[in-house]
Amino acid sequence: LSIGWSGLSNLLESTASTAEIEAQRMQDYYWIQVCQAFLLPLQGLINMFIFVRPKALKLRQDFPAESIFWVLRRAIGGDNIKPTKSPRNNNCSIEDE
């Protein structure tokens, strides 16, 4: 019985010291975890900008009069975002018909 009690006591003592070590480790890496919690979800946003950039550059060339905000909306939203100003390469007119 005393051997069992001694073993249980040692087990509880080692668990307590492991918890203390884990608490210290959490304190040491707290700011790294805060930065990770903030930056990890932003990876998707950054990847979206990388994916949209070529289309935005092309739209910026085709529609120089449009704002950058409009170009980003058009690059993300597609062709259902209509131009508010005429495109640069629009050579057709009503008189040509």
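Two residues are in contact when they have heavy atoms within 4.5 Å of each other. Keep that in mind for the stops below. One more thing before you start clicking: this is a predicted model.

**Stop 1: the whole chain**

Show the protein chain as a cartoon and you'll find three helices and zero strands. Follow the sequence along and the pattern reads α-α-α. The protein chain has 97 residues, and 11% of them count as buried. Among contacts in the chain with a separation of 6 or more, 21% are between residues 24 or more positions apart.

**Stop 2: colour by confidence**

Now colour by pLDDT. The mean for the protein chain is 76, and 68% of the residues reach 70 or more. Select residues 2–28, which make up helix 1: confidence is lowest there, at a mean of 66. Jump to helix 3 and you're at the highest, 90. Then pick residues 91–97, where pLDDT stays under 50. For that stretch the model has one contact beyond four places in sequence.

**Stop 3: a nonpolar patch**

Select Leu 45, Phe 49, Ile 68, Leu 72 and Ile 76, and show their side chains. Together they form a nonpolar patch on the surface, with about 450 Å² of accessible area. Which helices supply at least two residues each? Those are helix 2, residues 30–62, and helix 3, residues 68–77. Helix 3 gives the most, with three residues.

Zoom in on Phe 49, which sits in helix 2. Its relative accessibility is 42%, so Phe 49 counts as partly exposed.

**Stop 4: Arg 74**

Next, click on Arg 74, in helix 3. Is Arg 74 buried or exposed? Arg 74 is buried, because its relative accessible area is 10%, and the cut-off for buried is under 20%.

What is Arg 74 in contact with, leaving aside neighbours within four places in sequence? Select Lys 55, Leu 59, Phe 63, Asp 79, Ile 81, Lys 82 and Pro 83 to see them. Try the distance tool on one of these, Leu 59: from C-alpha to C-alpha, Arg 74 and Leu 59 are 8.0 Å apart in space, though 15 residues apart in sequence. Then look at Asp 79, whose side chain makes a polar contact with the side chain of Arg 74, at 3.3 Å.

**Stop 5: Glu 66**

For the last stop, go to the loop between helix 2 and helix 3 and pick out Glu 66. Glu 66 has a relative accessibility of 4%, so it counts as buried. What is around it? Beyond its neighbours within four places in sequence, Glu 66 is in contact with Arg 60, Pro 83, Thr 84 and Lys 85.

Methods. Residues numbered from 1 in each chain as written. Predicted model: local features only at pLDDT ≥ 70, side-chain atom pairs only at ≥ 80, totals over all residues. Heavy atoms only, no water. Helix = DSSP H or I, 4+ residues; strand = E, 2+ residues; numbered from the N terminus. Buried < 20%, exposed > 50% of the residue type's maximum accessible area, 1.4 Å probe, protein only. Patch = residues over 30% accessible without salt bridge, like charges linked within 9 Å, V, L, I, M, F, W, Y side chains within 5 Å. Areas by Shrake-Rupley, 256 points an atom, 1.4 Å probe, with all protein chains shown as cover. Salt bridge = Lys/Arg side-chain N within 4 Å of Asp/Glu carboxyl O. Polar contact = N/O pair within 3.5 Å; in protein donor to acceptor, adjacent residues only side chain to side chain. pLDDT = per-residue confidence, 0-100.
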